Amino acid sequence: MNRKVTVIGSGNVGATAARSIADKELADVVVLDILEGVPQGKGLDILEACPVEGSDARVLGTNDYADTAGSDVVVITAGLARKPGMSRDDLLRKNYEITRGVTEQVMEHSPDCVIIPVTNPLDAMAQVVYRVSGLPRERVIGMAGVLDSSRMRTFIAEALDVSVENTHAFVLGGHGDTMVPLPRYSTVAGIPITELLDAAAVEAIVQRTAQGGAEIVKLLGTGSAYYAPGSSVVEMVEAILKDKKKILPCSVFLQGEYGIRDLFVGVPVKLGARGVEQVVEITLAPDEAAALRKSADAVRELVTTIGV
Ligand code: APR
């Protein structure tokens with residue numbers, strides 16, 4: 001039987017991820033949205049690309065959760081973007097309602113799935129999915145760190161004029177201004193970037209990484225990033241479906257690791273068939289630990305606001 005991945009939300013991030021999953025023939029794909037016609041149209045368009053891509057993935061766009069039944073992995077990108085006049089709290093509450101409703105319906109049809117929340121504010125929405133779904137913590141894995149570290153890798157490769165394949169980057173913490181890029185654990189061919197670049201160059205990479213989402217928003221004028229977020233989702237889906245045991249930074253429900261309890265925060269985890277198979281604890285320097293605590297506090301504020 002084919003594996004099945006459902007993507008909720010057929011907007012920019014959802015459609016980009018769905019297309020790549022189908023291209024790579026990782027699974028059959030269902031794309032669901034509340035908009036009528038849009039998921040059907042995008043689903044059919046992706047399906048019609050498959051002969052060219054050499055993929056026999058089956059792709060279906062729908063408004064009906066019955067079509068999502070028995071999914072192995074569900075990616076949630078449904079949500080609203082912040083509109084003029086809307087406060088951060090308004091957006092938080094609106095996306096909370098959307099995420100709660102989506103999660104309830106997903107669980108009705110795929111009670112054993114792994115869910116990858118993508119909707120922002122990411123860590124808080126992952127906590128909503130976790131609380132509403134009742135899934136074990138291994139099965140709710142927020143996408144943020146893969147994206148943030150991919151951005152950091154891009155900037156490292158550019159600064160040193162080396163292949164991105166030689167780069168490795170670790171970014172911890174919540175997905176927002178307070179994220180914690182870790183230069184000491186970010187390397188080129190195994191060598192920490194702190195030994196390859198001067199302090200100012202390292203700091204510039206750290207700052208640009210933390211502002212990576214905002215940089216794209218500003219350039220686009222309307223909407224936010226979707227190619228790199230889409231690719232990041234797919235790396236996680238692939239690690240799970242292929243049981244790769246890949247260590248990736250993801251937002252997971254911490255229960256004492258890194259001194260943080262009952263909160264979704266980005267940390268390195270091992271991703272395999274069972275979802276999160278291990279939370280990898282690395283030793284942090286005092287300033288790094290303090291930055292992570294500050295980032296966790298920012299997430300805590302959001303989840304307290306919506307009471308999850
Ligand atoms: N059920 C299903 N789909 C929904 C629902 C809902 N209740 N509410 C909204 N949607 C759909 C919208 O109709 C839209 O097609 O979610 C989609 C969101 O797509 P975009 O507006 O294009 O947003 P996108 O750029 O894909 O980002 C989605 O991911 O990276 C985050 O910050 C980003 O929270 C945002 C999310």
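In this predicted model, strand S2 (residues 28–32) pairs with S3 in the parallel sense, over four bridges. Helix H2 (residues 38–53) lies across both S2 and S3, and runs at about 170 degrees to S3.

These two strands belong to an open sheet of five strands, ordered S3-S2-S1-S4-S5, in which the pairing is parallel. Which strands stand at the edges? They are strand S3 (59–62) and strand S5 (114–117); each has a single partner strand, so one side of each is left without a neighbour in the sheet. From one strand to the next, the twist averages 15 degrees. Strands of a sheet pair through backbone hydrogen bonds, and the pairing can be parallel or antiparallel.

**The ligand and its surroundings**

The ligand is surrounded by 16 residues, of which the closest are Asn 12, Val 13, Asp 33, Thr 77 and Asn 120. By class, this shell has eight nonpolar residues, seven polar residues and one charged residue.

| Residue | Atom of the residue | Distance to a ligand oxygen atom |
|---|---|---|
| Asn 12 | backbone N or O | 2.9 Å |
| Val 13 | polar backbone atom | 2.8 Å |
| Asn 120 | polar side-chain atom | 2.8 Å |

How much of the ligand does the protein bury? Taken alone, the ligand exposes 730 Å², and the protein buries 81% of that. Helix H1 (12–23) and helix H3 (88–109) are the elements that give two or more residues to the shell around the ligand.

**Backbone geometry at two loops**

Asn 120, one of the residues closest to the ligand, is joined to Pro 121 by a cis peptide bond, with omega at about -5 degrees. Pro 121 lies in the loop between S5 and helix H4 (122–133). S5 is also one of the two edge strands of the sheet.

Where is Asp 161 found? Its place is the loop between helix H5 (145–160) and strand S6 (167–168). For comparison, most residues other than glycine have a negative phi, and most peptide bonds are trans.

Notes
Residues numbered from 1 in each chain as written. Predicted model: local features only at pLDDT ≥ 70, side-chain atom pairs only at ≥ 80, totals over all residues. Heavy atoms only, no water. Near = heavy atom within 4 Å. Polar contact = N/O pair within 3.5 Å; in protein donor to acceptor, adjacent residues only side chain to side chain. Areas by Shrake-Rupley, 256 points an atom, 1.4 Å probe, with all protein chains shown as cover. Nonpolar A, V, L, I, M, F, W, Y, C, P; charged D, E, K, R; others polar. Pairing = 2+ DSSP bridges. Axes fitted to C-alpha atoms, helices over the stretch in contact; angles between N-to-C directions. Contact = heavy atoms within 4.5 Å.
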